[in-house]
Amino acid sequence: MGDDGGWWRRVWSRLRGPVDASGKRLRRPFVRRYGRYASLQFTRRQTQSRMLAEDPDRLLIDYTRTMLAALLWAPAQARIGMIGLGGGSQAKFIHRYLPAARLEVVENNPWVIGLRGEFGVPPDDARLQVMLGDGAEFVAARPGRYDVLLVDGYDETGIPPMLATDAFYAACRRALAPGGALSVNLFCADADRHLARLRAAFGADRVLQVEETRMRNRVAFAWTGARPPADAAKRLLAALPAAAAPQLAPALERVARALAASDGR
């Protein structure tokens with residue numbers, strides 16, 4: 001006799017669709033096009049990512065530029081890990097403008113990955129890999145691997161619970177190479193709880209939060225070694241191509257000022 005129970009489980013799995021690590025059913029995103037823009041959305045009222053059609057590698061949303069200030073801690077040939085692909089804004093920027101960097105992205109929603117072509121995310125190559133998987137498992141399996149870790153994992157309800165635990169942030173710290181840095185997008189009502197967990201994992205003197213002036217996001221930075229030198233923003237901007245430096249300059253300088261203001265507190 002066949003395994004009827006296994007057959008029904010497979011049928012039910014196909015009917016239910018993909019689920020996250022907690023068993024929650026994942027929502028299928030869609031692309032909304034309006035004028036010169038395209039956005040990735042789970043609901044009509046909530047935009048996950050936005051792209052300018054004639055300049056698809058431009059960072060349009062403020063917090064995406066602020067998060068990349070984690071590059072202030074990074075060497076030129078940085079290995080970068082990213083949780084959450086979305087519309088690929090940061091992945092495209094890094095792939096185009098940081099040719100010495102190596103980027104590994106994990107995304108738990110196969111439907112999001114399936115839309116990468118709609119947003120001009122380049123195919124995988126020697127410098128870019130996009131993987132289907134759970135973000136918490138991804139960092140836990142890669143100790144000491146990344147110079148920079150970018151955490152921007154969201155679903156239609158916000159930050160998934162598995163990306164908000166003490167164990168997750170401790171694994172993020174272990175995933176960083178010596179001197180590495182983490183940046184986290186905190187668009188949530190319990191941002192202070194995330195910050196407390198980051199301080200527990202990294203130490204209170206190695207965590208900084210920066211609020212977005214035009215958005216409700218906060219970006220949290222945490223690092224394993226020393227703070228970047230005072231001229232780190234100037235040196236990084238000088239190394240970027242002319243099309244990239246103006247996009248990052250205000251965010252890099254703002255984060256550098258916040259670091260200087262918090263030094264010694």
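Predicted model: local features only at pLDDT ≥ 70, side-chain atom pairs only at ≥ 80, totals over all residues.
In this report, helices are DSSP runs of H or I with at least four residues, numbered from the N terminus.

**Helix α9**

Helix α9 covers residues 245-262, which makes 18 residues. From its first C-alpha to its last it reaches 25 Å, close to the 26 Å expected at 1.5 Å a residue.

Which residues of α9 are buried? They are Ala245, Gln247, Leu248, Ala249, Ala251, Leu252, Val255, Leu259 and Ser262.

**Salt bridges**

Searching the whole structure turns up 13 salt bridges. Here are some of them, with their N to O distances.

| Pair | Distance (N to O) |
|---|---|
| Arg36 and Glu54 | 2.5 Å |
| Arg65 and Asp62 | 2.4 Å |
| Arg145 and Glu104 | 2.5 Å |

Let's begin with the salt bridge between the side chains of Arg36 and Glu54. Arg36 sits in the loop between β1 (30-34) and β2 (37-43), while Glu54 sits in the loop between β3 (46-52) and α2, so this pair ties together parts that are 18 residues apart in sequence. Arg36 is partly exposed, at a relative accessible area of 46%. Glu54 is also partly exposed, and its value is 49%.

Next come Arg65 and Asp62, whose side chains meet in a salt bridge. Both residues belong to helix α2, where they are 3 residues apart, or about one turn of the helix. Why does that spacing matter for direction? An α-helix has 3.6 residues a turn, so residues three or four places apart point the same way. Are Arg65 and Asp62 buried or exposed? Both are buried.

The side chains of Arg145 and Glu104 form another salt bridge. Because Arg145 lies in the loop between α5 (135-140) and β7 (146-151) and Glu104 in strand β5 (residues 102-107), the pair ties together parts that are 41 residues apart in sequence. Arg145 is partly exposed, with a relative accessible area of 34%. Glu104, at 6%, falls under the 20% cut-off and is therefore buried.

Methods: Residues numbered from 1 in each chain as written. Heavy atoms only, no water. Helix = DSSP H or I, 4+ residues; strand = E, 2+ residues; numbered from the N terminus. Expected span 1.5 Å × (residues − 1). Buried < 20%, exposed > 50% of the residue type's maximum accessible area, 1.4 Å probe, protein only. Salt bridge = Lys/Arg side-chain N within 4 Å of Asp/Glu carboxyl O.
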